[in-house]
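Please read the points below with the structure open beside you. They are written as a colleague's notes, and each one takes up a single topic.

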Amino acid sequence: MKKICYISIIIVLPIFLTGCWNNEEIDKNALVHGVGFDFNEETQLVNYFVEIVKPTQGPGNEQEGGASQNVVLELESDTPLNAARELIRYAKRRLYFGHTRLWLVTEELAELPFIPLFDVIRREQMTRLNSYVFITPDPIRDIFETPTLYENLSSDEIVSALDQSNVIAEFIPVKLYELIKMNERPIKSAHVPIITISEDESETTSIKGTAIIKDQMMVGKLGINETIGLRMLLNNISGGIITSEIPGPESREFISLEFKTGESSIKPTLTGKDLKVEVNISVSGDLGDNIMVESRELDAEFLKEIEQLIANRITEITYTTLNKLQKELKTDVTDIGVETYRNFPNEWKEIQDIYHEEVFANAQIEVNTEVNIFHQGLTNKSHNVPQKRPYNNPYRFLDKD
């Protein structure tokens with residue numbers, strides 16, 4: 001009986017010790033970290049770009065200092081899948097998209113219905129739907145060949161910046177699956193961050209503003225402050241800084257709030273084509289900058305004044321964003337349309353075709369903001385208010401008073 005058991009174990013054990021049946025050898029593939037799409041007006045076709053990591057040559061053959069770590073290939077084709085196959089002729093290897101984290105679309109192409117270009121990506125098993133999407137006004141090749149500060153590849157460095165979105169409110173990261181999901185919502189609109197090349201001597205890439213998408217096409221942009229307002233309207237308040245100028249005869253006095261947590265709620269009321277919306281924003285955080293000529297004690301009264309100043313500033317920024325979306329772009333990328341659809345599904349059927357241009361554009365929206373400073377830092381004094389020495393001063397010989 002024991003012999004039978006031993007034989008069975010010997011037969012079955014190798015089954016569990018086999019390697020991956022579908023493994024891919026690294027040296028047989030070209031690892032793509034970034035992909036870009038651009039439009040060729042002459043041929044009416046799309047130019048496809050890929051940023052490929054340049055493999056090392058092994059011990060003793062390391063690349064010299066300053067040598068480029070990436071290879072950028074370009075090809076014109078009719079579909080993304082055909083482009084991926086045709087690029088094998090130039091890469092000499094099959095393109096592997098399992099490491100792709102960045103997708104770039106030029107503004108010229110984004111002004112056309114560009115969302116269908118991502119259809120094959122959601123079908124292909126090799127690609128990652130949690131990769132990030134950007135729109136850029138600059139040439140794709142220039143973005144990929146921009147000097148990097150920390151990473152070897154431009155794609156990796158751009159994506160690494162998105163890890164800081166919890167401490168800065170000036171951009172909203174968008175993953176590929178989020179872009180697809182937004183375009184499948186009832187309001188059929190989306191927002192995508194914009195990446196540009198800095199105009200200073202550093203020539204590094206910088207995230208500036210947000211592209212607004214309606215009916216699968218880019219219809220306009222939001223600036224940096226307007227993007228902050230959009231985050232408020234999307235209940236995406238994870239961190240950042242809001243600065244307000246303190247009113248006074250001299251001006252040039254500022255106060256800042258480094259907000260840590262926050263939430264917003266949207267309450268729509270729909271009567272026919274008339275839409276009324278109440279937006280309530282609540283933000284909590286730490287007191288940041290306190291740049292004042294005439295310093296004041298950071299007592300409860302002054303903190304209340306600061307909270308109101310910051311609240312007014314957030315409200316102002318949010319109204320600016322709404323004004324741009326309603327009057328100029330006539331596109332709702334906030335949660336207002338989604339909440340209207342959820343609360344009035346039957347009435348939505350009557351307005352869905354005119355929602356952006358008529359209903360949202362003419363909606364009466366009221367914004368209410370509440371700010372709570374729960375930490376004022378390590379001192380409750382301003383910069384030029386004398387500090388009292390502690391009662392038990394261990395350095396009495398320094399006391400000259």
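1. Which elements each supply at least two residues of the lining of the largest cavity? They are β1 (29–40), β2 (45–53), α2 (80–86), β4 (94–96) and α5 (119–123). The names follow DSSP runs, with helices (H or I, at least four residues) and strands (E, at least two) numbered from the N terminus.

2. Before going further, please note that this is a predicted model, in which local features need pLDDT of at least 70 and side-chain atom pairs count only at pLDDT 80 or more, while totals for chains, interfaces and linings use all residues. Residues are numbered from 1 along each chain as its sequence is written, and side-chain values use heavy atoms, with hydrogens and water left out.

3. A search of the whole structure finds two cavities of 30 Å³ or more. On a 1 Å grid over the protein atoms alone, a cavity is a set of points where a 1.4 Å probe fits but cannot get out, whereas a pocket is an open set with protein on both sides within 12 Å along at least five of seven lines; lining residues have an atom within 4 Å of a point. Grid points are joined across faces, edges and corners, and a volume is the space filled by probe spheres set on the points.

4. The largest cavity holds about 260 Å³ of space. It is lined by 19 residues, of which Pro80, Leu81, Ala84, Phe97 and Val120 are the closest to its centre. Helix α2 gives the most to this lining, with five residues. By class, the lining of the largest cavity has 15 nonpolar residues, one polar and three charged, where Ala, Val, Leu, Ile, Met, Phe, Trp, Tyr, Cys and Pro count as nonpolar, Asp, Glu, Lys and Arg as charged, and the others, Gly among them, as polar.

5. The second largest cavity has a volume of about 30 Å³, and its lining consists of Thr146, Pro147, Thr148, Ser154, Glu157, Ile158 and Thr205. Here α7 gives the most, with three residues. The lining of the second largest cavity divides into two nonpolar, four polar and one charged residue.

6. Why can helix α7 (residues 154–161) be called largely enclosed by the rest of the structure? Six of its eight residues are buried, so the description follows from the count; buried means under 20% relative accessible area, exposed over 50%, and partly exposed in between (1.4 Å probe, protein chains only). The buried residues of α7 are Ser154, Ser155, Asp156, Glu157, Ile158 and Val159.

7. The largest pocket has a volume of about 420 Å³ and is lined by 20 residues, with Glu178, Met182, Arg185, His191 and Asp335 nearest its centre. Both α8 (176–183) and α11 supply at least two residues of its lining, and α8 gives the most, with four. The lining of the largest pocket divides into 10 nonpolar, four polar and six charged residues.

8. The structure holds 10 salt bridges, a salt bridge being a side-chain nitrogen of Lys or Arg within 4 Å of a carboxyl oxygen of Asp or Glu. One of them joins the side chains of Glu358 and Lys273 (3.9 Å, N to O). This pair links distant parts of the chain, 85 residues apart, with Glu358 in helix α13 (residues 355–360) and Lys273 in the loop between β11 (254–271) and β12 (274–291). Glu358 counts as partly exposed at 37% relative accessibility, and Lys273 counts as exposed at 52%.

9. Within helix α10 (residues 300–329), Glu316 and Arg313 lie three residues apart, about one turn of the helix, and they form a salt bridge whose closest N and O atoms are 3.3 Å apart. Glu316 is partly exposed at 45% relative accessibility, and Arg313 is partly exposed at 23%.
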